[in-house]
Amino acid sequence: MTDTNTPRPTGDRLLAMLAALDNPHRLRIIAALASGGRNYISQLARDLGISRPLLHLHLQKLEHAGLVTSQLELSHDGKALNYFEASPFELLLTPASIAAAASSLTSNAD
């Protein structure tokens, strides 16, 4: 993290963020939301050329890691639309930032 006012992620959060970003589809999802703004699943799936079920799985992983947020809204015709948008985040990976995060890990999983 470069901003001194922005807290560094804990070790567990850093692992979740890195795991969520370790997939080309999820990188494309973040890129689409960052450049196009918030969007609902059906339109985002069309834009990215992937199925809605696959997109939903990737969005769940990104949301669990805190990289996207969702909000359920009703359209003018009464359809429920789940809108997603990229959460603001910044990662600066250095040996020192990794060491700081590692000191707060709560699991010893591989």
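**Helix α4 and its surroundings**

Let me start with helix α4: its buried residues are L55, H58, L59 and L62. Buried here means under 20% relative accessible area, exposed means over 50%, and partly exposed is in between, with a 1.4 Å probe and protein chains only. Seen down the axis of α4, these buried residues fall within an arc of 105°, so they line one face of the helix. That arc is taken from the directions from the helix axis to the C-beta atoms. On the other side of α4, P53, L57 and H64 are exposed.

A word on the source. This is a predicted model, where local features need pLDDT of at least 70 and side-chain atom pairs count only at pLDDT 80 or more, while totals for chains, interfaces and linings use all residues. Residues are numbered from 1 along each chain as its sequence is written, and side-chain values use heavy atoms, with hydrogens and water left out.

Back to the helix. α4 covers residues 52–64, 13 residues in all, and spans 18 Å from first C-alpha to last, close to the 18 Å expected at 1.5 Å a residue. The expected span is 1.5 Å times one less than the number of residues. Helices are DSSP runs of H or I with at least four residues, strands are runs of E with at least two, and both are numbered from the N terminus.

Now the ends. S51 caps the N-terminal end, with a side-chain oxygen 3.2 Å from the backbone nitrogen of L54. After α4 comes G66, with a positive phi near 80°.

What do the buried residues of α4 pack against? They pack against α1 (11–21), α2 (24–36), α3 (41–48), β2 (68–74) and β3 (80–86). Take L62. Leaving aside neighbours within four places in sequence, L62 is in contact (heavy atoms within 4.5 Å) with A20, R26, I29, I30, L67 and V68.

Next, the sheet. 3 strands form an open sheet in the order β1-β3-β2, and the pairing is antiparallel. β1 (39–40) and β2 stand at the edges with a single partner strand each, so one side of each lacks a neighbour in the sheet. Strands pair if DSSP finds at least two bridges between them. β2 and β3 are joined by 7 bridges. V68 stands opposite A86 in β3, and L74 stands opposite A80 in β3. The two strands form a hairpin with 5 residues between them, and G78 in the turn has a positive phi of about 90°.

Terms used. A polar contact is a pair of N or O atoms within 3.5 Å; within protein, one must be able to donate a hydrogen and the other to accept it, and residues adjacent in sequence count only if both atoms are side-chain atoms.
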